[in-house]
Amino acid sequence: MDLLLYTRYRRGGGHQDPWAWETAKGGDDWEKAPAPAKVGKKMAAAAGRELPSDALRATTNVMHWGYGTGWGSLLGLAQVTGMRAGVFRGLVFGSLVWAFDYAVLPPMGIYQPIWEYDAETLWKDLSAHLLYGAVAGGIAENLAD
């Protein structure tokens, strides 16, 4: 998923190298932070802790990788309980993760409601999640064999 997003970033004129881009190097403005960082900041605030700007990069990475790993673990759990994952079920899974984002993030003030996005933006986001799901489903199925 991130490889697809990085490719789109570069085609759109982005100049950061893959590692800097992947790890959110140079980010220190919470208003411009990616969604994972904003979720982490809100979670910290709910726990009574204010995160400084120099925590943005670490917060982005912990939340981003934790979120993807958490969802992937659910798919793996389904696999070990007898439901074969596979690429097709992975596509369904990726769609569910995408829909979950648009159900949870707008009320948090991180995303706009889904109807406020244009079709191109939604497709770009959905297609990245479909790729994530297909790859995760394929990996889960092959690991079980």
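This is a predicted model: local features need pLDDT of at least 70, side-chain atom pairs count only at pLDDT 80 or more; totals for chains, interfaces and linings use all residues.
Local features need pLDDT of at least 70 and side-chain atom pairs 80 or more, while totals for chains, interfaces and linings use all residues. Residues are numbered from 1 along each chain as its sequence is written, and side-chain values use heavy atoms, with hydrogens and water left out.

Let's start with α3, residues 35-46; helices here are DSSP runs of H or I, at least four residues, numbered from the N terminus. Its 12 residues reach 16 Å from first C-alpha to last, close to the 16 Å expected at 1.5 Å a residue (that is, 1.5 Å times one less than the number of residues). After α3 comes Gly48, with a positive phi near 85°.

Now for the partner. The axes of α3 and α4 (residues 56-80) come within 7 Å and cross at roughly 100°, with axes fitted to C-alpha atoms over the stretch in contact and angles running from 0 to 180 degrees between N-to-C directions. The two helices are therefore roughly perpendicular, a label for 65 to 115 degrees. On the α3 side, the contact (heavy atoms within 4.5 Å) includes Pro36, Val39 and Met43, and on the α4 side Leu56, Met63 and His64.

Ala35 and Val39 belong to the largest nonpolar core, 10 residues in all, where buried nonpolar residues join through side-chain atoms within 4.5 Å. α6 (119-144) gives the most to this core, with 3 residues.

Technical notes:
Angles under 35 degrees count as roughly parallel, over 145 as roughly antiparallel, 65 to 115 as roughly perpendicular and the rest as oblique. Buried means under 20% relative accessible area, exposed over 50%, partly exposed in between (1.4 Å probe, protein chains only).
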